[in-house]
Every structure is written in C-alpha cells, then in structure tokens.
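Visitor: Before we start, please take me through this model and say what each label rests on.

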Amino acid sequence: MGGFETVANDAKNSVSATKKLPSSDSFINLDHGDPTMFEPYWKKQGDKCTVVISGSDLMSYFSDVGNVCWFLEPQLSDAIKRLHRTVGNAESDDRYVVVGTGSTQLYQAALYAITASAGRAEPVSVVCAAPYYSSYKDETDFLRSGLYKWEGDAYEFDKDEPYIEVVTSPNNPDGAIRDSVVNRGDGKHIHDLAYYWPHYTPVTRPADHDIMLFTISKCTGHAGSRIGWALVKDREVARMMTKFIEICAIGVSKESQLRAARILGVVTEGCQQFGTTPESGNFFEYGQSLMAERWKRLRETVKNSQIFSLPKYPQEWCNFTGKYIESNPAFAWLKYKEDADCESLLRAEKIQTRGGERFGSGRNYVRISMLSREEAFNQFLARLSAIQG
C-alpha cells in the first residue's frame with residue numbers, strides 16, 4: 001500500500017527539503033514513499049501520456065452501468081488487465097476490477113465488504129504479521145466501525161473467532177515476500193500487492209487470491225493521480241466494495257482514470273522493448289536498474305558504517321525479466337546496532353524516517369524511503385556515512 005501517511009509538519013519539512021537540497025542545512029524527509037525518483041523517466045516520454053479532455057467530456061457520474069463497478073472507465077479496466085497479463089504478476093482474467101482513490105480507500109472498502117454481511121454482534125479482528133505497514137492500524141480504527149477492529153500482530157492472534165488477515169507482499173516495511181500466517185476456516189484475507197512489480201522484486205508467479213490490491217503510485221510513480229484497483233474473485237464482494245466507494249464519494253474521478261489508463265498503456269507498450277534507459281521505453285527495466293543501483297550504494301554505505309544493518313534478499317528467477325535478480329524494495333528497513341532510538345538518531349542528522357515501533361517492531365529499526373529524488377538520496381547517503389558508532 002502507499003507509504004504516504006504523515007502530519008502537516010512532515011509535509012512542510014518535505015517541501016522545504018525539496019527546495020533547499022542539497023544544502024547541508026536542509027531537512028530530508030524519507031518518512032513517506034513519495035515516488036518522485038521516477039520523474040526523469042516520465043519527462044523523457046514527452047507527450048506520450050498526454051490526455052486531452054474538453055469541457056463537455058466526462059460530465060456524467062456513470063461510466064459503465066452494466067459493470068459491477070459502474071464508475072470504472074472501460075479504458076482503465078482494459079489497461080489494467082493488459083498490464084497484468086504482460087507482466088505476469090497477477091491473475092486478472094475472470095476477475096472483477098474495482099477502482100478506488102488509491103489502495104487506501106480500497107482497503108477500507110474490502111474491510112466493509114467482508115464484514116457488512118457477517119451479522120456478528122462483535123467487530124471482526126483485523127491482523128497483519130509484524131512488522132506491518134504502519135497505517136493499517138489507523139485506517140482500520142479511524143471510523144471506529146462496529147464491523148471490524150485492529151487486533152495487531154497476526155503471529156500473536158490466538159482467538160477462536162472470525163478474522164481478517166492482511167498479507168502485504170512484498171512487505172512494507174521490510175520488503176519480505178509474505179504468505180498468510182493465520183490459516184483457519186473462519187478467516188478471510190486481503191492481499192496488498194502494491195509493490196509486486198518487477199522494479200522492486202522478482203515476479204516469480206501470477207498472484208491468485210480472493211482480493212488483491214494495487215496502486216498506480218507504486219507501479220508507475222503517479223501518486224498524485226490517486227488511482228488504485230482491486231482484483232476480486234467474488235461478485236458480491238466486488239459489489240459491496242463498489243457500494244462503499246459509492247457512499248463515500250459517488251465514484252472515482254474519470255479524469256484520473258483516463259490519465260491512469262493512458263499511462264498504464266504506455267508502460268505495457270514499453271514492455272515489448274528492451275534496455276535500461278528512459279529512451280528504451282521499458283519502464284520496469286529502467287526502474288529495476290535504478291533501484292538496484294540505489295540499493296548497491298546504500299549497502300556499501302551501511303557496510304562501511306559497521307553500526308547499521310539491512311535485510312538480505314535471495315536472488316530469484318524473475319519471469320518478467322528472464323533472469324535472476326534480487327529484490328530492491330521501495331523502503332529500506334534499517335537496523336541500528338544497539339537497542340536505541342534509531343529514528344531520533346537520524347533526526348539529529350536532519351533525516352526524517354519512520355520508527356520501528358509504529359510497525360509493531362523495535363525502536364532500533366527505521367523505515368527509509370528509497371523513492372526520493374536523486375538529490376535527496378545522495379544527501380541521505382552522505383549524512384548516513386558521517387554517523388559514528
């Protein structure tokens with residue numbers, strides 16, 4: 001799921017950092033996963049993604065009244081399924097596509113769809129294996145719903161009752177490939193696959209789950225368009241998710257949908273080409289090369305520091321690239337050598353991160369975005385290397 005979850009002061013720090021970089025006095029905000037690192041690629045694409053919309057276009061609420069998700073633009077549905085077939089990361093045929101304002105809205109819609117017809121007097125427990133995405137708790141409990149409630153770490157869930165387990169793979173924050181932990185007959189699962197794309201991790205097989213969440217923000221970097229989609233097996237679940245979004249917002253912006261459809265189409269077309277430069281057109285090849293280069297530099301810096309460590313990822317065969325590659329996650333799960341407050345340590349160096357306790361882990365961990373602009377990333381490495389044990 002998207003990594004942007006911060007308060008107004010954090011946003012101000014981010015804007016300030018963007019303006020001042022690479023000044024040594026600037027504050028580098030690596031707390032959220034704002035995917036600005038992909039801007040150079042899309043600038044090179046020129047007008048390929050341009051969508052012209054006249055004043056008389058897209059005025060109706062309705063897009064496809066015969067579809068379960070009646071506000072889903074057919075062009076976007078087609079583009080999503082073509083991309084998944086091309087990349088091979090998820091089964092999309094014979095699935096209902098539900099579009100949402102990012103995967104955050106779709107997560108809440110899925111919780112509602114699963115629990116609304118359960119008829120339980122008590123809220124259904126929602127769990128996720130730690131370290132888990134820090135926003136799940138806030139998003140689950142924000143509405144104080146009587147249908148569901150956050151219960152925490154799936155490894156510690158031992159109640160003999162219905163549950164919902166969120167499975168994030170690759171995981172946010174540590175990049176691990178995940179499977180479900182609680183596997184009882186009275187449970188349901190939501191698979192958050194926001195990062196299951198070949199620039200972050202080897203695509204080893206098409207994911208095939210009941211509810212799968214994706215977002216364009218982590219697929220292509222277009223976080224500002226606020227488009228996410230769910231691939232859903234069950235028609236009734238898709239209908240209830242659609243109903244949730246209908247009640248919340250009467251649909252999703254058509255302008256954003258058409259822009260997303262065009263962008264995903266350009267990505268799919270580029271997958272037919274080869275090379276690792278923006279000019280080659282293959283976005284995932286380019287992104288994988290860029291992420292690998294960043295991770296290499298970060299690992300060298302961490303190795304030289306001797307006070308920090310990072311997870312190790314095995315090489316696996318990627319069906320999309322046709323070669324063995326390592327994972328290059330969107331976030332670095334950095335561990336300090338001592339049982340100390342790593343977030344405060346880095347904040348003293350004007351590096352803003354997100355502490356491990358918010359992910360159900362220890363305070364000697366922090367999550368660091370790898371998706372910032374190049375200037376911010378370079379400044380981050382310089383400051384990290386200057387920290388002494």
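Guide: This is a predicted model.

Visitor: Why is Q306 called exposed?

Guide: Exposed requires a relative accessible area over 50%. Q306 has 68%, so the label applies. Phi of Q306 is near 65°, a positive value in a residue other than glycine.

Visitor: What makes I250 partly exposed?

Guide: The partly exposed class lies between the buried limit of 20% and the exposed limit of 50%. I250 has a relative accessible area of 44%, so it is partly exposed. I250 also has a positive phi, about 55°, although it is not a glycine. Its place is the loop between α7 (235-249) and α8 (254-270).

Visitor: What share of the residues is buried?

Guide: Buried means under 20% relative accessible area. Of the 389 residues in the chain, 56% are buried.

Visitor: What makes a set of residues a nonpolar core?

Guide: The members must be buried, belong to the nonpolar types, and be joined through side-chain atoms within 4.5 Å. The largest such core here has 107 residues, and those with the most contacts inside it include W229, M241 and F380. Helix α9 (residues 283-305) gives the most to this core, with eight residues. Another core lies apart from it, with six residues, among them V127 and F157. In soluble globular proteins, nonpolar side chains tend to be buried together.

Visitor: Which residues does M241 touch?

Guide: Leaving out residues up to four places away in sequence, M241 touches V98, L106, A109, A110, A113, A230 and V232.

Visitor: Which residues does the cis peptide bond with omega of about 0° join?

Guide: That bond joins A130 and P131. P131 lies in the loop between β3 (124-128) and α5 (135-141). Another cis peptide bond, with omega of about -5°, joins S169 and P170. P170 is in the loop between β5 (163-168) and β6 (187-192).

Visitor: How many helices and strands does the chain have?

Guide: The chain has eleven helices and 15 strands.

Definitions and conventions: Residues numbered from 1 in each chain as written. Predicted model: local features only at pLDDT ≥ 70, side-chain atom pairs only at ≥ 80, totals over all residues. Heavy atoms only, no water. Helix = DSSP H or I, 4+ residues; strand = E, 2+ residues; numbered from the N terminus. Buried < 20%, exposed > 50% of the residue type's maximum accessible area, 1.4 Å probe, protein only. Contact = heavy atoms within 4.5 Å.
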